[in-house]
Amino acid sequence: MTAAPLPYRVVGNRAESTDTRTLELEPAGEALTGFRPGRFAMLYAFGVGEIPVSVAGLRHGVLSHTVRGVGAVSRALCAMRPGAQVGVRGPFGTEWDLASADGDLLVVAGGIGLAPLRPLVRAALSEPEAHGRLNVLIGARTPQDLLYRRELAAWGRPYCGVTVDRPAPGWEGEVGVVTALLDRASFTPQDTTAFLCGPEVMIRATARELRHRGIPPERIRISLERNMHCATGHCGHCQLGPLLLCRDGPVVGYDRAEPLLAVREL
Amino acid sequence: MAAATAPPDTEESRCVLDREGIDALVRELRADGHTVVGPTVRDSAVVLDELAGAEELPWGWGVELEAGHYRIVRRTDGAGFAHSAGPQSWKNFLHPERVRQWTADRAPDGTMTVRKEPPSPVSFAFLGVRPCDLSAVRIQDRVMTGGRHRDDAYRERRTGAFLIVVECTEPGATCFCVSMDTGPAAHPGYDLALTEVVDEAGHRFLARAGTPEGAELLRRLPHRPADEATSGAARRSVEDAAGRMGRTMPPASLRELMAGSLDAARWDDVAARCLTCGNCTMACPTCFCTTTEDVTDLTGDHAERWRRWESCYDLDFSHLPGGSVRASPRSRYRQWLTHKLGTWWDQFGSSGCVGCGRCIVWCPVGIDITEEAHALHQEGLRRQDGREDGAR
């Protein structure tokens with residue numbers, strides 16, 4: 001099917017930082033099903049356009065999407081007041097597949113990359129007996145850019161750490177790249193599944209470091225971003241070599257992604 | 001139409017049509033409600049367009065093809081299908097340049113109503129599909145309708161389409177269907193297949209049905225049983241055509257060649273010539289990439305979603321907030337070629353190239369896909385030799 005968007009009503013719009021907001025959406029009529037952590041929706045701002053946005057929360061039939069206003073469509077979405085309607089298509093793509101991770105969990109996020117990881121962290125927290133230790137490592141540009149601040153205190157058993165690129169007055173936490181937090185985390189590399197999302201440069205550096213520390217590449221799952229128009233495998237935009245990331249991604253094993261990411265401008 | 005239940009292709013199921021049989025073919029298809037599309041001469045080219053009658057076919061016209069070169073030329077034999085690929089392909093009809101996908105209206109209270117585009121009422125009959133182009137249609141079938149998400153607009157147009165292949169007896173200088181195993185004989189997937197024969201015994205067509213619908217149509221046309229002379233002449237001219245390909249691909253797995261060539265020096269060579277104009281992607285019968293356009297009317301409360309062809313040569317094609325992933329012409333030509341010949345296998349289970357030669361003909365600077373593949377092959381062999389020498 002070539003699905004047309006279904007109308008969803010904005011029931012919440014919370015500021016996360018100066019340019020980033022989390023929208024909560026409820027179906028105005030028929031509801032889409034099958035959203036899982038890692039998968040994404042195409043969000044349509046009336047008359048402006050449509051962008052892919054990962055699901056950042058899945059509670060009681062409400063879809064949460066964290067949107068950074070950097071383009072025409074994302075800014076239009078960020079400006080949506082409660083009661084307004086957006087079009088939603090989906091769900092699309094692969095999921096994080098938490099069920100297959102029975103050992104320690106290592107979640108590493110950079111910037112807005114924390115959004116698709118939030119439902120994964122929440123799912124892991126809801127069934128602690130199903131996994132080993134949960135570590136959450138978060139990098140942000142500045143303290144003001146840190147997402148979900150009120151939630152973070154409850155995350156990570158035993159460890160949830162935050163580091164920023166540029167500190168602000170009053171910041172007493174870490175400063176530097178997110179991989180510097182790895183020494184604080186508790187995990188047995190051979191028995192760990194890692195989940196990475198953020199800028200590609202951060203994903204590459206982190207995945208390389210995790211391999212170096214002994215996590216098998218197929219247990220390093222990364223979420224990749226490419227231009228996307230249709231999300232149904234027909235527009236050709238989201239290719240990464242043999243992969244169509246709307247279909248074979250966005251979550252890809254590092255065993256498959258590593259040789260592809262090594263080629264410049266692929 | 002589905003070709004799953006092809007009747008047996010025996011001598012008995014074959015018949016011979018004369019020119020009046022072709023006239024009747026177009027007439028009957030139109031009477032059945034089909035929009036008949038086939039080759040015709042317009043603007044000094046053999047284009048694909050709606051045919052009102054068989055007299056509009058390019059009788060007595062051939063084509064002269066080379067890299068960056070296309071001319072129609074007069075033929076003395078009066079043949080109607082002695083031309084190879086023109087500037088368009090069947091994707092212009094099955095996967096048109098611009099399609100409206102849905103419309104949306106916004107009420108004063110903000111409520112949004114979305115309406116899907118109604119199905120296309122057109123039922124096409126394609127007359128004169130070359131075997132390479134039949135393979136191209138089947139490749140686009142897999143892209144547009146073979147995956148988890150099916151493209152309704154494509155499926156509607158395709159399901160109603162009646163395909164009449166005319167086997168290739170006059171390959172062009174830029175043709176290489178033999179290398180891609182798509183021609184010059186027709187592979188299954190047609191409703192009706194014709195082979196044009198012009199010799200001292202006259203101008204006629206050997207016909208065979210590929211589907212019950214094709215067999216039924218054939219029975220309604222003035223025809224006579226296939227004779228040995230016509231069957232033999234048809235077979236020989238298609239076999240001869242296979243030996244007269246103007247181009248070849250290197251004798252290697254193109255999929256492996258592409259996967260192993262991502263850092264080849266040849267990309268710099270071709271990038272110095274490539275204008276990244278995207279002509280090859282527009283002319284290619286399998287290139288399917290599209291972009292979306294969201295528009296509104298002046299009130300701002302009526303919106304439409306349109307889909308139109310786009311090319312991987314466009315800088316914006318790989319745009320991300322941080323800039324284009326494929327900023328250099330080198331990376332964009334590499335994307336096109338490695339996708340067409342290589343990663344298409346990973347994505348859709350076949351090659352994306354059928355050997356029609358359109359990309360060679362319509363490239364304004366005459367870049368030749370077969371020449372580039374040969375150069376990559378040679379570079380790979382040299383590199384291999386170098387490694388072996390180094391290991392000694």
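1. Before we start: two residues are in contact here if their C-beta atoms, placed from the backbone, lie within 7 Å. Keep in mind, too, that this is a predicted model.

2. With that in hand, have a look at A:Cys235. Setting aside its neighbours within four places in sequence, this cysteine touches A:His229 and A:Cys230 in its own chain, plus B:Cys289, B:Thr290 and B:Thr291 from chain B.

3. A:Cys235 also turns up in the annotation. An unreviewed UniProt entry puts a "binding site" feature at A:Cys230, A:Cys235, A:Cys238 and A:Cys246. These positions span 17 residues in sequence, yet no two of their C-alpha atoms are more than 10.0 Å apart, so they do gather at one spot.

4. Where do A:Cys230 and A:Cys235 sit? A:Cys230 is in the chain A loop that runs between β13 (220–223) and β14 (239–240), and A:Cys235 is likewise in the loop between β13 and β14 of chain A.

5. Over in chain B, check helix α11 (residues 329–348), which bends by about 60° at B:His339. Of the 20 residues of α11(B), 17 are buried, so the helix is largely enclosed by the rest of the structure.

Notes
Residues are numbered from 1 along each chain as its sequence is written. Chains are lettered from A and ligands numbered from 1 in the order in which they are written. This is a predicted model: local features need pLDDT of at least 70, side-chain atom pairs count only at pLDDT 80 or more; totals for chains, interfaces and linings use all residues. UniProt positions are given in the numbering used here, feature names are shortened, and annotations may be inferred rather than shown by experiment. Helices (H or I, at least four residues) and strands (E, at least two) are DSSP runs, numbered from the N terminus. The bend at a residue is the angle between axes fitted to the seven residues ending there and the seven starting there. A residue is buried if 20 or more other C-beta atoms lie within 10 Å of its own, exposed if 12 or fewer, and partly exposed in between; C-beta atoms are placed from the backbone.
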